Amino acid sequence: MRDYRKLGVWEKSHVLALEIYKATRGFPDAERFGLSAQMRRCAVSVPSNIAEGCGRGTDADFARFVRIAAGSANELEYQCLLSRDLSYLSEDQADALMLQCSEVRRMLSGLLSKLCRSA
């Protein structure tokens, strides 16, 4: 069993989740159960799936959770784009968040490659 807190990708995805929570505080009340909630779920899904995968017994199991985390990071990146186009986020805010999503995705891809080589 691995300690997920020692993984750089978990740390970056945790910070991203915190940033998403901060950014969505300013969304319209009408989005409370819509886009805001969906973005928060996606953001939490990334580090949560990394943590859950670390608790699995094999690299193949861990890799499956890393793939799920990557899918959530992709979804979150689009939601940041949508939020910008709806003027819920400024262009600068959205760009910064999308850059973080992209970085997390790249790190997940690297982790997945490593896991697949060792499996």
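Contact here means heavy atoms within 4.5 Å. By that criterion, Leu115 in this predicted model touches Arg2, Asp59, Phe62, Ala63 and Val66, leaving aside residues up to four places away in sequence.

- Leu115 belongs to helix 4, which spans residues 91-118.
- With a relative accessibility of 5%, Leu115 falls under the 20% limit and therefore counts as buried.
- One of the residues that Leu115 touches is Phe62, which also takes part in the contact between helix 3 and helix 2.
- Gly26 lies 89 residues from Leu115 along the chain, and the C-alpha atoms of these two residues are separated by 39 Å.

**Packing of helix 2 against helix 3**

- Helix 2 (residues 35-54) and helix 3 (residues 59-85) have axes that come within 8 Å and cross at roughly 160°.
- Because that angle is over 145 degrees, helix 2 is roughly antiparallel to helix 3.
- The crossing of helix 2 and helix 3 is left-handed.
- On the helix 2 side, the contact includes Leu35, Met39, Cys42, Val46, Ile50 and Cys54.
- The residues in the contact of helix 2 with helix 3 comprise 15 nonpolar, seven polar and two charged.

**Aromatic pair Tyr4 and Trp10**

- The ring centres of Tyr4 and Trp10 are 5.2 Å apart, and their planes stand at 65°, so this pair is edge-to-face.
- Tyr4 has a relative accessibility of 28% and counts as partly exposed.
- Trp10, at 13% relative accessibility, counts as buried.

**Aromatic pair Phe27 and Tyr88**

- The rings of Phe27 and Tyr88 have centres 5.2 Å apart and planes at 50°; the pair is therefore tilted.
- This pair links distant parts of the chain, its two members being 61 residues apart.
- Phe27 is located in the loop between helix 1 (8-24) and helix 2, whereas Tyr88 occupies the loop between helix 3 and helix 4.
- Phe27 counts as buried at 7% relative accessibility, while Tyr88 is partly exposed, with a relative accessible area of 23%.

How values were computed
Residues numbered from 1 in each chain as written. Predicted model: local features only at pLDDT ≥ 70, side-chain atom pairs only at ≥ 80, totals over all residues. Heavy atoms only, no water. Axes fitted to C-alpha atoms, helices over the stretch in contact; angles between N-to-C directions. Helix = DSSP H or I, 4+ residues; strand = E, 2+ residues; numbered from the N terminus. Parallel < 35°, antiparallel > 145°, perpendicular 65-115°, else oblique. Left-handed = near helix turned anticlockwise from the far one by under 90°. Nonpolar A, V, L, I, M, F, W, Y, C, P; charged D, E, K, R; others polar. Buried < 20%, exposed > 50% of the residue type's maximum accessible area, 1.4 Å probe, protein only. Phe/Tyr/Trp six-rings, centres within 6.5 Å; stacked < 30°, edge-to-face > 60°.
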